[in-house]
Amino acid sequence: MELLRSHLSRVRIPEPTNRIYKNECCVSFDTPKSDGGLYVDLCSFLAFGKEYVLWNYEKTGNPVYLHIQQRIKPVPEDRPFKKPTLLAIGVEGGFDNQEPEYEEIYHIVILPDYIALSFPSVELPEKVRLSVNAVLLFEGAERKEQLASWTSEKKKTSDYAMNLEQINNGVIIPPSGWKCSMCEKTDNLWLNLTDGVILCGRKNWDGSGGNNHAIEHYLEKNYPLAVKLGTLSADLEKAGAKFYVLRYFKFLPCMATMLGNLPSIFSLLVNFFMSFIKTEMTTAEKELDQNMNFDWNRIQESGQELEPLFGPGYTGLVNLGNSCYMASTMQVVFSTRFFIERYYKEQNLKSAFILALADPTLDLNMQLTKLGHGLLSGKYSLPTSEKQDGVPPRMFKTVISASHPEFSSMRQQDALEFFLHLLDQVGQAHAGKPELDPSRSFKFFIEERLQCPSGKVAYNKRADYILSLNIPLSEATNKEQLEASNKLKSEKSVAEKQSINHEVVRPRVPLEACLKCFSEPEEVHDFYSTALNEKTTAIKTAGFTTFPDYLVLHMRKFVLEEGWVPKKLDVYIDVPDIIDITRMRSKGIQSGEELLPEKASSVDENKATHIVPNEDIVSQLAIMGFNYLHCQKAAINTSNIGVEEAMNWLLAHMDDPDIDDPIHYGPRDTGIIIDEASVETLISFGFEEVVARKALKASGGIIEKATDWIFNHPEATSSTMDTDATTSSNTQTIDGSVPDGNGRYKLLALVSHIGTSTHCGHYVAHVRKEGRWVIFNDSKVGASVDPPIDMGYLYFFERFNG
């Protein structure tokens, strides 16, 4: 006790705003359930497993810890089922997943000698008792973040529903056989909740839909609230319904409460709604349902006898709630040589902890190292049962998504977007030390060649981490089978169509055709030619200037149909085990080629036509959520080459200081004249000349803005200055910051997607390990029997030297 009292200055009483970790170690995946329990630093409120707590003592000098151990309590077989009140699993108020209950044992431990004192105890100093009681009372930081992410937006109660006028007119709503009371329409019907009249909805622009009788009834009677028949279910407390209020639709929750309080006809409506069941399923819904079930079973290898795998490299990741996009991506990333070396073989947990910030839970390097050791050490994947629990990547998710509001949520995300975000964050963390950056193994340069009718050419060079490929359905190899299947469908009767049970037949497109589609010449309309001083049509071709260590192919399965309607292509991609893209290397400027001038000729400069942004390009970018002005600038600065080029420019220039400046149309910009004195000033600050010139050009020649631009663009080093569009021969220079080698690759992994959108459904990874395919389905890890190689969304290839 005297020793404890001598350390009271290193004990703090936490406040509600403090982040308290008591459920998971900061540098490992140890928990209070682990052997040795968990030690909570009563000064910093960080938690450490038994193997790691001494590191914290050596780093901080904090000697007093709360030791928490959890032991399994016997569970009675008749434990009652608790009704969930929160859309979550394994949290208070969430779904009961029948996890065992634990009893907790506490001690106060004094380091470095691990002197243990029982808790609770009246003999302990009051400050220690207050500190421990607060730690135990307050919600842990891990759980706080989880609950905050899960909690959805509070639903607003409609003023129309709360102040709804009801008329007791004796109307009784039949359970079926509805039709509009003013015409013969039997679909698109709306029930007015004031007088119980059933009327048809709006008339669409093409004449379909209803006859506007519900609208006319509202305009005459001013009864504002109507529910669309067919959108209700029996579970009224949870189900929303589609309501028509004045001129817009609303979704109202808590139907039972609302309807249960309504008198007259609405007391009958409650019973009617409670017995309402949707009974119809369209042919399209049936076919979609069948395809989805087929995809679900095939990609997850459901029904297969999968051998569970354990040990180093075979550790699953716990699904934190729609986090399969992250789990599948990280399993693949930590199967690549450079990530394994950087965060596992070459860096142990202790060195990462010593280098970490004061709070290691917020340090990306620490959390990547923790995740790498968790997945690759085998410590958390022991063959003690038929299945493994996996490790929960909560702290890693918090760090990697800190600057991204979507990844911070519990909503499903696009695995491709997350992969690119991960590489961006890892690259920024290694700014100035490219030799340590594992994201470089995915990086490559693409060179685009543009030839205008004058015969002169221009070259663009851009960096990328993925090769996004269109899927040419016209190149399908099973056209006869597709035609036969379509013919069979068309010949079936209505009854047969309602009971669809045919084999899923999809186009089969060779990967080679997708790669060829990327390399083929493409027309670029509205290209401004500095040789002709006018807009014209140019021919664009593209090729690699460097081949990465790991080539990632993104299959564009999600496309926009007419009217900007998103659609997922039902297609198989025939992917060979080994590919050779050597022929796709760019040849650079050839002998005899004449480059387009950097600006229009001085004779015709006053007549030069300004570049007008292509509205199609601008619209496609704007619909993705980008600022309209920024989209216009992207189109202009890429000479209206295409959407992909404009997007790449936009992503690279979003932080430019002049990005929000208005566009000045007029003769083609001849460039900003850079004051040499300003260049010398920036050089005297320690910046390289080429960086200084680029910053001044991007900042209108203003030194203050140029300095801010450099600090906001840490990637702007001399080694990357040649990645912009250029018309000089330096486009052939190989950037020393990225690897290069032969163009032969072997398939390493694939990430597959189940669902109609990348923001819903499920992601699963298949990785080739030790000569066999392994399936990573969140926490489930097993030997793959039939890997769905033809159904991949992302394909990862490793350079093959054989």
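E512 is partly exposed, at a relative accessible area of 43%; partly exposed covers the range between buried (under 20% relative accessible area) and exposed (over 50%), with a 1.4 Å probe and protein chains only. The model is predicted: local features need pLDDT of at least 70, side-chain atom pairs count only at pLDDT 80 or more, and totals for chains, interfaces and linings use all residues. Residues are numbered from 1 along each chain as its sequence is written, and side-chain values use heavy atoms, with hydrogens and water left out.

E512 forms a salt bridge with R583, with the closest N and O atoms 2.4 Å apart. A salt bridge here is a side-chain nitrogen of Lys or Arg within 4 Å of a carboxyl oxygen of Asp or Glu. E512 sits in helix α19 (residues 511–519) and R583 in the loop between β21 (578–580) and α20, so the pair ties together parts that are 71 residues apart in sequence. Helices (H or I, at least four residues) and strands (E, at least two) are DSSP runs, numbered from the N terminus. R583 has 49% relative accessibility and therefore counts as partly exposed.

A second pair, R768 and D577, also meets in a salt bridge (2.3 Å, N to O). This pair links distant parts of the chain, 191 residues apart: R768 lies in strand β23 (residues 762–769), and D577 in the loop between β20 (572–574) and β21. R768 is partly exposed at 21% relative accessible area. D577 is partly exposed at 36%.

E184 and K179 form a further salt bridge, with the closest N and O atoms 3.5 Å apart. E184 counts as exposed, at 62% relative accessibility. K179 counts as partly exposed, at 42%. A network of salt bridges links R298, R508, D574, D786 and D790. The whole structure contains 28 salt bridges.

Two packed helices are described by the angle between their axes and the distance between the axes. The axes of α20 (residues 615–622) and α22 (residues 643–653) come within 10 Å and cross at roughly 55°. Axes are lines fitted to C-alpha atoms, for helices over the stretch in contact, and angles run from 0 to 180 degrees between N-to-C directions. α20 and α22 are therefore oblique to each other; angles under 35 degrees count as roughly parallel, over 145 as roughly antiparallel, 65 to 115 as roughly perpendicular and the rest as oblique. On the α20 side the contact is made by I617, Q620 and L621, and on the α22 side by V643, A646 and M647. Contact means heavy atoms within 4.5 Å.

Helix α11 (residues 337–345) has F339, I340, R342 and Y343 as its buried residues. The buried residues of α11 pack against α10 (324–333), α13 (364–376) and α16 (415–429).

L794 lies in strand β26 (residues 792–799). At 1% relative accessibility, L794 counts as buried. Neighbours within four places in sequence aside, L794 is in contact with A415, L416, L553, H554, A749, L750 and V751. L794 and I466 are 328 residues apart in sequence, yet 9.2 Å apart in space, C-alpha to C-alpha.

Overall, the protein has 25 helices and 26 strands. Of its 802 residues, 47% count as buried. Among contacts between residues at least 6 apart in sequence, 69% join residues at least 24 apart.
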